[in-house]
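Subject: A structure for you to look at

Hi,

Here is the structure I promised to pass on. Have a look around it first, and then read my notes below.

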Amino acid sequence: MEHPHKPTPLTKKFFTPWVIVLAAIALNGILFLLARFVFGIGAVTNLDNQYPWGIWIGLDVAAGVALAAGGFTTAAIGHIMHNDKYESIIRPALLTALLGYTFVAVSVMVDLGRWYYIWHPIIMWNGNSALFEVGICVMIYLTVLYIEFLPIVTERFIGRVNLPGILSRFNKLVNTFLIKLDKGLDKTMFIFIIAGVVLSCLHQSSLGTLMIIAGPKMHPLWQTPILPLLFLLSAIAVGFPMVIMESLTASRSFGLKPETEVLNSLSRFIAPLLGIYLIAKIGDMVIRETFVYLSELNSTTILFGIEVVIGVIVPLRMFMSPAVRESTKGLYIASMLVIFGIVMNRFNNFITAYNPPYALDSYMPSIGEISVTLGFIAIEILLYRLFVKIFPVISIPAKKSLSKTKFAIRGAAK
Amino acid sequence: MSQNRRDFLKTVAAIGTSAGALSALSPNKVKAKSPENLSEERMGVLVDATVCIGCRKCEWACRGAHDIENGNIQDYADEKVFETNRRPDYDNLTIVNRYESSDEKLSNVKLQCMHCDHPACVSACIVGAISKKKNGSVVWDTDMCIGCRYCMVACPFQIPAFEYHKALDPKIVKCDFCDERTMEGKLPACTAICPVEALTYGKREDLLIEAKRRFKNNPDRYYQHIFGEHEIGGTSWLYIADKDLAGTVFPKLDNRTAPGVSESIQHGLFAYFVPPVAVYALLGGIMWLTKDKKKTEGK
């Protein structure tokens, strides 16, 4: 490979004070998770017959799927449009998508009352159900993501297979298998890459169709027949900010120089993408005349305001400014705002907007629900850290220098 | 990617063909589930809230018919329960609530699954476990259910209940229109026990005629609207009362069917699998063209 950027497993030590904090959060989540499986959903959550879905669906699943959009957006721009300069960010984005979707599947399972029947949709079909579409698409896409990740695994182990003890006699056999697998994958990978993008477009939008059937139970500020379009557009818009946020966090955490040039170039797309989303959202409001609801001041309209102003309009303005795009801090803050906005949007769609007809109190997530959600996020970050240490995911300069400041920016040169 | 152009085209074409074959199969499958062919023979119950005395014997009988512990029938005369607005739950598939009627008099109304003609739950169920039967009842197969609770999100009347207290095998529960009893020719348990004939079981179209007859004979007694005749495309259970039940006892609903918008979007996105295949082809084309461009640039 003569690429200037070469993904390499990172050698920095795993444990830092932050890692220990995250591990504690993860452990706390796992304890509540155990309680959920031993005592039932009712014992751990605040869900009831009025509020059948809480943050495990609204955040863990809906926002989780949206935030994993970095995977298919970078695949589209890097692989499908053959923009080689983005090569260095595709692998980290793929890893995030892989972990993100894995935990979406796990979260669905945790929320399912009869979780051991999670495979039923594979053989029991209901083409009318938006949830069925989401379920099948996510299952296939998760498989595709694992296949897309396989070349990274083969790259790591080819010529380095070292099985312990008696198994070591199979070293050569496994190595040959890996080489064959790698060759086969290389030839067919384009099928999976395109499939991944198509599947993502499908289920990102179908996730928006989910709440449409709730009809008048959904607040009109969010309930609209174009929800699938809004979900797709917002997912596409949050893809790059997510990649930027991760890249900057990882560089900082591993003491690498941020890939400012690639990220800056990537960030130019964000303002137009956010703009299209905003136009669709505002246009829909104007056509359906739902802005009348904004004249009342209550928690619902405040949450809507936060979602649109802080989560879309402010970062849109920020990404339009070259000064912001060129500064690491500016990029980081603006990206975080976009992520916040999309998370708020999913939360609002699934929780704020949902007003069941006979509810006496509003739903508030329980400590158990919050613990599990935070626990999953912590586990995801820890796994990410572990994976970049094991597999060649993050690109670092080929020539290692002892001084961090001498690291060149990689991935930008062609 | 060391892939030559011809292989690429071949594979894309193969995928296109198989997707086309898939699409030829699936629309039938989709149509088979949709409750468009409603039977003229479907049954219903007419609830006359002006007649109900709030004895709650129906609650007792319902529990008995569904193997739920129902205790002593005398205890159901206790009127304290009317102080709170109750909802059907996993251990009580029907409940009677008391509400203030037009002339500040108290009236009673029995609530349970409405057995919609175009049920949102049937459309929503991820595994297709819920179905609308010819006799009008909306029933479900617990063995298929995965407990996702999307039916509860979808139901406009917020009827399906879930056994949140169970760690293993929690079930979705709601009124099943006493499907077993009616198949044996018996009346639904609640209707059979009602001492004042507040509940009338019969063909839905006959019940509509009966309701209108009552309006005509006793115009002062009724608010002239049959709740459930047209709401969300019609329900099997029909309500008449001395005041408008929409907005108080029931949510305000329009006459469009509950799953209508969602299903048309869903089928639009997947019309014969054309949109997904088209996107696939488009992306494949872009991938191929940009690759080509790069090659020539390189040379």
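What follows is a short tour of what was found.

First, some housekeeping: this is a predicted model, in which local features need pLDDT of at least 70 and side-chain atom pairs count only at pLDDT 80 or more, while totals for chains, interfaces and linings use all residues. Residues are numbered from 1 along each chain as its sequence is written, chains are lettered from A and ligands numbered from 1 in the order in which they are written, and side-chain values use heavy atoms, with hydrogens and water left out.

Let's start with chain B. It has 9 helices and 9 strands (DSSP runs numbered from the N terminus: H or I of at least four residues for helices, E of at least two for strands). Of its 299 residues, 51% are buried, where buried means under 20% relative accessible area, exposed over 50% and partly exposed in between, with a 1.4 Å probe and protein chains only.

Strand β1 of chain B (residues 43–48) pairs with β9(B) in the parallel sense over 4 bridges; pairing requires at least two DSSP bridges. Within that pairing, B:Leu46 has B:Leu238 as its bridge partner.

Is B:Asn70 buried or exposed? B:Asn70 sits in the loop between α2 (57–65) and β2 (95–100) of chain B, and it counts as buried because its relative accessible area is 17%. Leaving aside neighbours within four places in sequence, B:Asn70 is in contact (heavy atoms within 4.5 Å) with B:Trp60, B:Arg63, B:Gly64 and B:Tyr76.

Now for the place where the chains meet. Chain A contributes 64 residues to the contact and chain B 73 residues. Together they bury about 5,900 Å², 63% of it on carbon and sulfur atoms; this is the accessible area (1.4 Å probe) that the two parts lose on being put together, summed over both. A:Arg114, A:Asn128 and A:Ile213 supply 14% of the area that chain A buries against chain B, more than any other three residues.

The rule finds 2 salt bridges across this interface, each a side-chain nitrogen of Lys or Arg within 4 Å of a carboxyl oxygen of Asp or Glu. A:Arg114 forms one with B:Asp169, with the closest N and O atoms 3.8 Å apart.

Enjoy exploring!
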